[in-house]
Amino acid sequence: MVQVTVFEILFFPVTPELRTKRLLLRPLQLSDAEQTQRLFPQWDIVKYLNSKVPWPYPADRVFKVYREETLPAIERGEEWHWTLRLREAPDRHIGVISLHRDEWDNRGYWLGLPWHRQGLMTEAVVAVNDYWFDVLGFTVLRAPKAVANVASRRISEKTGMRLIATLERDYVSGRLPAEIWEITAEEWRTKRAQFPSAP
Ligand SMILES: CC(C)(COP(=O)(O)OP(=O)(O)OC[C@H]1O[C@@H](n2cnc3c(N)ncnc32)[C@H](O)[C@@H]1OP(=O)(O)O)[C@@H](O)C(=O)NCCC(=O)NCCS
């Protein structure tokens, strides 16, 4: 479980570092922009992301987005972002996971290509779900995803989410069939027992 108390949230509203078995989730900083810019602009990462992500991806884009959009949203208490780092190599970030106050879109994530399909994002999802429900106190978490995004949909299934709606959304690769997945706090607390806590 996440080791942050209600007292800390009330008096120190700073996003904490989270841990999983293999990962450190470190609160995102402007200094992460350079590594993100090297890792993120890959077609297989962006193709099922929201169409507001430009493609081709401009060279200075991450720094501008972090400075003008992401960090101000974090300061306003509307979003929480972490870089993912392997515990054995914490100087390098390998992806990002985020939480957002929103009716339909509460969580986003991407991982650098060399680290796909090793169960890493599932670990990160378990940690941030704990944070969303146990620390921030939300009662439901919803996430949209393209039907074609098999990996992301599989993470939803594995972590106990339910499909609640189908629609169409605009992605970097065009307008596509999409789904909204949901899990309540109560459902998460039952499902959570299946996943190990960080050592
Ligand atoms: C989505 C993403 C973060 C997944 O990260 P990951 O660490 O590889 O995910 P995990 O290994 O924890 O779980 C992925 C699951 O999907 C499965 N999977 C992945 N690609 C698959 C494919 N092409 N076909 C079938 N299953 C696939 C994996 O086998 C795994 O399931 P399993 O544990 O039952 O074997 C990564 O693919 C990514 O960065 N994608 C681009 C960004 C993105 O689409 N973000 C989400 C937007 S909604």
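**Overall size**

I began with the radius of gyration. For 199 residues, a compact globule would come out near 16 Å. The chain has 16 Å, so the two agree. I kept in mind that this is a predicted model. Next I took the span of the C-alpha trace along its principal axes, and I got about 45 × 40 × 30 Å. I then looked at burial: 30% of the 199 residues count as buried. I also checked how far along the sequence the contacts reach. Among contacts between residues at least 6 apart, 62% join residues at least 24 apart.

**Secondary structure and the sheet**

I listed the elements of the chain and found seven helices and eight strands. Then I traced an open sheet of five strands. Its order runs β1-β2-β3-β4-β5, and the pairing is antiparallel. Which strands stand at the edges? I found β1 (18–19) and β5 there. Each has a single partner strand, so one side of each is left without a neighbour in the sheet.

I looked inside the sheet at β3 and β4. Strand β3 covers residues 79–86 and strand β4 covers residues 95–100. They pair in the antiparallel sense over six bridges.

**Gly95**

I stayed with β4 and moved to Gly95, which is placed in that strand. Is Gly95 buried or exposed? I counted 24 other C-beta atoms within 10 Å, so Gly95 is buried. The cut-off for buried is 20 or more. I noted what Gly95 touches, leaving out residues up to four places away in sequence: Leu84, Tyr109, Trp110, Leu111, Gly112 and Trp115. I also took a distance to Ala151, which lies 56 residues apart from Gly95 along the chain. Their C-alpha atoms are separated by 15 Å.

**The nonpolar core**

I turned to the largest nonpolar core, which has 37 residues. Those with the most contacts inside it are Leu25, Trp82, Leu84, Ile97, Ala124, Ala127 and Val128. Which element gives the largest share of this core? I found helix α5 (residues 120–135), with eleven residues.

Beyond residues up to four places away in sequence, Trp82 touches Leu18, Leu25, Arg26, Pro27, Leu28, Val96 and Ile97. Two of these names, Leu25 and Ile97, also stand in the list of residues with the most contacts inside the core.

**Around the ligand**

How many residues surround the ligand? I counted 21. The closest are His116, Met121, Thr122, Ala151 and Arg154. I then asked where the shell comes from. The elements that give two or more residues are β5 (107–111), α5 and α6 (150–158). The largest share, six residues, comes from α6.

**Val53**

My last stop was Val53, in the loop between α3 (43–46) and α4 (61–75). I found 17 other C-beta atoms within 10 Å of Val53, so Val53 is partly exposed. The count falls between the cut-offs of 12 or fewer for exposed and 20 or more for buried. Not counting residues up to four places away in sequence, Val53 touches Val46 and Val172. I also checked Val53 against Glu34, 19 residues apart along the chain. Their C-alpha atoms are separated by 17 Å.

Note on methods:
Residues are numbered from 1 along each chain as its sequence is written. This is a predicted model: local features need pLDDT of at least 70, side-chain atom pairs count only at pLDDT 80 or more; totals for chains, interfaces and linings use all residues. A nonpolar core is a set of buried Ala, Val, Leu, Ile, Met, Phe, Trp, Tyr and Cys residues joined through C-beta atoms within 7 Å. Helices (H or I, at least four residues) and strands (E, at least two) are DSSP runs, numbered from the N terminus. Two residues are in contact if their C-beta atoms, placed from the backbone, lie within 7 Å. A residue is near a molecule or strand if its C-beta atom, placed from the backbone, lies within 6 Å of it. Two strands pair if DSSP finds at least two bridges between them. The radius of gyration is taken over C-alpha atoms; the globule rule is 2.2 Å times the number of residues to the power 0.38.
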